[in-house]
Amino acid sequence: MSRVIDIHSHFFPPITQAEAGRLDPERAPWLKDSGDGSGMIMAGEKPFRPVYSALWDPARRIEEMDASGVDVQIMCATPIMFGYRYPVERALPWVQRMNDYAIEQCQHDPQRLKALAQVPLQDIDAACEEVLRAKSIGHVGVQIGNHLGDKDLDHADLLTFLAHCANHDIPLLVHPWDMMGGEQRMKKWMLPWLVAMPAETQLGILSLILSGAFEKLPRSLKICFAHGGGSFAFLLGRVDNAWRERDIIREDCPNPPSSYVDRFHVDSAVFDPHALEFLVRVMGNSQVMLGSDYPFPLGEQKIGKLIRDSDFTEPVRTGLLGGNASRFFNI
């Protein structure tokens, strides 16, 4: 019987304020645990996000996985944990501790809980070394942000890291963060999550396609984009049209943008059956994997329900629920 594998869930370990202070006493994240199953991620002295214990309690996580019929869940850092803004001398020990924390949580049930590492992308040599260390202690891949300041995924530094992962069979999940628009234009209504996040993800995908990066990167690269690839699938026709009609689009991209959809995966976190059907039609049956964004309010609350209730054939549904992820992550 095929397993149900959720490839996109987050964790936040019980980081103390003192531990966070070694990275940055004013802005580094830590957990204020209320002791009643609720808590607050803090950024220095400022509240950042209300959370609950599934984020740091693996037993609670397993209970909720059982309730949703999830066999395996892959956890990755909550993006505020990335630490990309700091000098590598401070960021590397922080990243290593967070990766060790992740494996500690997985030890609660290592057959059902897996983890993606984080790395100090601001120093590519250190990132390459840490992702190998993380793999050696049990991480099944790595999560990275979709950009590093003004460096998008097609930047030479980030391409070096992607190629390194490809050469060492380390799958990647790309997660949007540090969203465009700023506080003046994305001022309320969660617009950074609803507008800028999908745009950031599309930007990451198109930076690899239109720059010609996929022509240079090994085909062994396993890279997945969160949130259904953001706005990519719906706007792919617009991009193909631009490629056909404007030579500036073809300058670095020798083939139609739609021809590259077999070079990357996306998760299923689109929350609408018609959107999921369209996503699978654009990407192909093998390129979409169950991803919930658990345990946050904007995630799928009944994990896998969207796929289970779909009209896909049983083989396609089985692939979406776990078969594709099993191959992608070698689990």
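1. **Basis.** This is a predicted model, in which local features need pLDDT of at least 70, side-chain atom pairs count only at pLDDT 80 or more, and totals for chains, interfaces and linings use all residues. Residues are numbered from 1 along each chain as its sequence is written, and side-chain values use heavy atoms, with hydrogens and water left out.

2. **The parallel sheet.** Eight strands make up an open sheet with parallel pairing. Their order is E1-E5-E6-E7-E10-E11-E12-E13. Strands (E, at least two residues) and helices (H or I, at least four) are DSSP runs, numbered from the N terminus. Two strands pair if DSSP finds at least two bridges between them. The edges are held by E1 (5-11) and E13 (288-289). Each has a single partner strand, so one side of each lacks a neighbour in the sheet.

3. E12 (residues 265-267) pairs with E13 in the parallel sense, over two bridges. Val266 is opposite Val288 of E13. Helix H7 (residues 191-210) packs on the sheet and touches strands E10 (172-175) and E11 (223-225). Contact here means heavy atoms within 4.5 Å. The direction of H7 makes about 150° with that of E11. Axes are lines fitted to C-alpha atoms, for helices over the stretch in contact; angles between N-to-C directions run from 0 to 180 degrees.

4. **Strand E6.** Five of the five residues of E6 are buried. Buried means under 20% relative accessible area, exposed over 50%, and partly exposed in between, with a 1.4 Å probe and protein chains only. In a regular strand the side chains alternate between the two faces of the sheet. Leu113, Ala115 and Ala117 point one way from E6, and Lys114 and Leu116 point the other way. E5 and E6 pair in the parallel sense over three bridges. Ile74 stands opposite Lys114 in E6.

5. **Helix H2.** Which residues of H2 (residues 58-68) are buried? Pro58, Arg61, Ile62, Met65 and Ser68 are. They lie on the same side of H2, because they cover an arc of only 125° around the axis. The arc is that of the directions from the helix axis to the C-beta atoms. Glu63 and Ala67, on the other side of H2, are exposed. The cover over the buried residues of H2 includes E1, E5 (72-77), helix H3 (88-106), E6 (113-117) and helix H12 (305-308).

6. **Ends of H2.** Asp57 caps the N-terminal end of H2. One of its side-chain oxygens lies 3.0 Å from the backbone nitrogen of Ala59. Gly69 follows H2, with a positive phi near 75°.

7. **Cysteines.** A disulfide is a pair of cysteine sulfur atoms within 2.5 Å. By this rule the count is zero. For Cys128, the nearest cysteine sulfur is that of Cys165, 6.9 Å away. Cys128 is buried, at 12% relative accessible area. Cys165 is in no disulfide either, and is buried with a relative accessible area of 0%.

8. **His175.** This residue lies in strand E10. His175 counts as buried, at 3% relative accessibility. Its side chain makes polar contacts with the side chains of His8 (3.4 Å) and His10 (3.2 Å). A polar contact is a pair of N or O atoms within 3.5 Å; within protein, one must be able to donate a hydrogen and the other to accept it, and residues adjacent in sequence count only if both atoms are side-chain atoms. Beyond four places in sequence, the contacts of His175 include Pro79, Gln143, Asn146, Met197, His227 and Asp293.

9. **The antiparallel sheet.** Three strands form an open sheet in the order E2-E3-E4, with antiparallel pairing. E2 (29-33) and E4 (46-52) are at the edges, each with a single partner strand, so one side of each has no neighbour in the sheet. Neighbouring strands of this sheet are turned by 30° against each other on average, direction ignored. E3 (residues 38-43) and E4 pair in the antiparallel sense over six bridges.

10. **Ala43.** Ala43 is found in E3 and stands opposite Lys46 in E4. Ala43 is buried, with a relative accessible area of 17%. Not counting residues up to four places away in sequence, Ala43 touches Glu26, Arg27, Ala28, Pro29, Phe48 and Ile80. Ala43 and Ile80 are 37 residues apart in sequence and 8.6 Å apart in space, C-alpha to C-alpha.
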